Amino acid sequence: MSEPRGVIAVAGEALVDLVPAGPPDQFHAAPGGSPANVAVGLARLGVPARMLARIGTDLLGRRIRKHLSSNGIDLDHAVAATEPSSLALVDLAPDGGADYDFRIDGTADWQWTDRELATALDGNVVALHTGSLALVLPPGADALMRLVTRAECTISYDPNCRPLLTDRADMLARVERMLPLADVVKASAEDLAWLYPGRAVEDVLREWVSRGPAVVVLTLGGDGAIGMTAEGAEPVRCPGRAVRVVDTVGAGDAFTAGLLAGFRRRDLLGVGRRNALGALGDGEFGAVLEEAALIAAITCTRRGADPPTLAELGQ
């Protein structure tokens with residue numbers, strides 16, 4: 001099969017993470033934000049990626065723009081925002097798990113307007129990935145939802161729940177509104193534990209698939225991932241990979257990038273490909289999950305959101 005053409009657009013926040021670095025009370029400022037991390041992951045995997053972000057023109061915004069541009073991401077549809085850039089403070093547990101605090105009041109990422117998104121999907125866009133805080137926080141969340149509803153391409157969604165900033169009932173309503181609209185849904189076990197306390201992961205997986213997506217994948221940290229397609233009889237499991245974890249910042253986003261890159265490489269993204277995506281066989285689906293899990297595992301061996309390139313994967 002020849003390499004399929006087409007761009008994956010990613011809509012959402014592009015901010016700066018302050019990640020602990022070495023000595024106590026010292027931090028490394030690294031461009032991040034879940035959607036921006038996905039775009040970087042895609043570009044490093046050789047996938048043409050378009051970033052739909054509102055990037056400030058301040059010092060942090062210039063650093064974000066340089067980071068995205070240097071990774072080969074198309075910024076022609078990014079907004080040069082007058083508002084300040086968003087900031088995330090990261091705390092790391094002994095096992096490398098990340099906890100977040102945010103400085104986002106009045107910042108650039110959440111101020112989308114319909115006019116700014118009017119031409120966002122022009123050209124050969126085969127997929128739109130979105131989610132995280134940008135699809136929750138007002139006033140821009142509603143504009144992004146309207147972009148999703150009018151998009152004529154594969155829709156990928158990651159709720160990437162942030163309990164510190166969102167109300168659980170509101171977040172659950174937003175997730176359930178997205179399920180019939182999305183073709184690919186990826187979430188984490190942490191997301192599910194917060195949204196559906198006490199429910200088994202596999203039960204939620206089956207329920208979400210029944211609501212409309214072609215594919216649902218749930219990541220389980222060190223235990224790997226579990227996924228199901230619309231036509232699959234049973235879930236497909238992928239074991240975790242044993243690595244020395246530095247931190248888990250950006251690991252889920254790296255997984256999402258690997259997932260979408262794997263689907264694109266198999267010509268499963270774009271208008272008219274939903275049925276083929278939902279009918280993906282267990283063997284091929286498992287291979288995509290394993291590819292994504294490897295990419296996420298490598299990211300965990302590095303500080304901050306630093307996904308691997310194709311060369312590092314030996315491709």
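Author: Start with α2, which gives the most to the lining of the largest cavity, with 3 residues. Keep in mind that this is a predicted model.

Reader: How many cavities of 30 Å³ or more does a search of the whole structure find?
Author: The search finds 1. The volume of the largest cavity is about 30 Å³.

Reader: Which residues line the largest cavity?
Author: Its lining is made up of L15, P31, G32, A36, N37, I64, H67 and L68. Two or more of the lining residues come from each of β3 (27-32), α1 (34-44) and α2 (59-70).

Reader: What is the lining like by class?
Author: There are 5 nonpolar and 3 polar residues, and no charged ones.

Reader: OK, switching to α4. Which of its residues are buried?
Author: Helix α4 covers residues 168-178, and its buried residues are M171, L172, V175 and M178.

Reader: Where do they sit, seen down the axis of α4?
Author: They line one face of the helix, because they fall within an arc of 125 degrees in that view.

Reader: What does D167 reach to at the start of α4?
Author: The backbone nitrogen of A169. A side-chain oxygen of D167 comes to within 3.2 Å of that nitrogen.

Technical notes:
Residues are numbered from 1 along each chain as its sequence is written. This is a predicted model: local features need pLDDT of at least 70, side-chain atom pairs count only at pLDDT 80 or more; totals for chains, interfaces and linings use all residues. Side-chain values use heavy atoms; hydrogens and water are left out. Buried means under 20% relative accessible area, exposed over 50%, partly exposed in between (1.4 Å probe, protein chains only). Helices (H or I, at least four residues) and strands (E, at least two) are DSSP runs, numbered from the N terminus. The arc is that of the directions from the helix axis to the C-beta atoms. A polar contact is a pair of N or O atoms within 3.5 Å; within protein, one must be able to donate a hydrogen and the other to accept it, and residues adjacent in sequence count only if both atoms are side-chain atoms. On a 1 Å grid over the protein atoms alone, a cavity is a set of points where a 1.4 Å probe fits but cannot get out, and a pocket is an open set with protein on both sides within 12 Å along at least five of seven lines; lining residues have an atom within 4 Å of a point. Grid points are joined across faces, edges and corners, and a volume is the space filled by probe spheres set on the points. Ala, Val, Leu, Ile, Met, Phe, Trp, Tyr, Cys and Pro count as nonpolar, Asp, Glu, Lys and Arg as charged, and the others, Gly among them, as polar.
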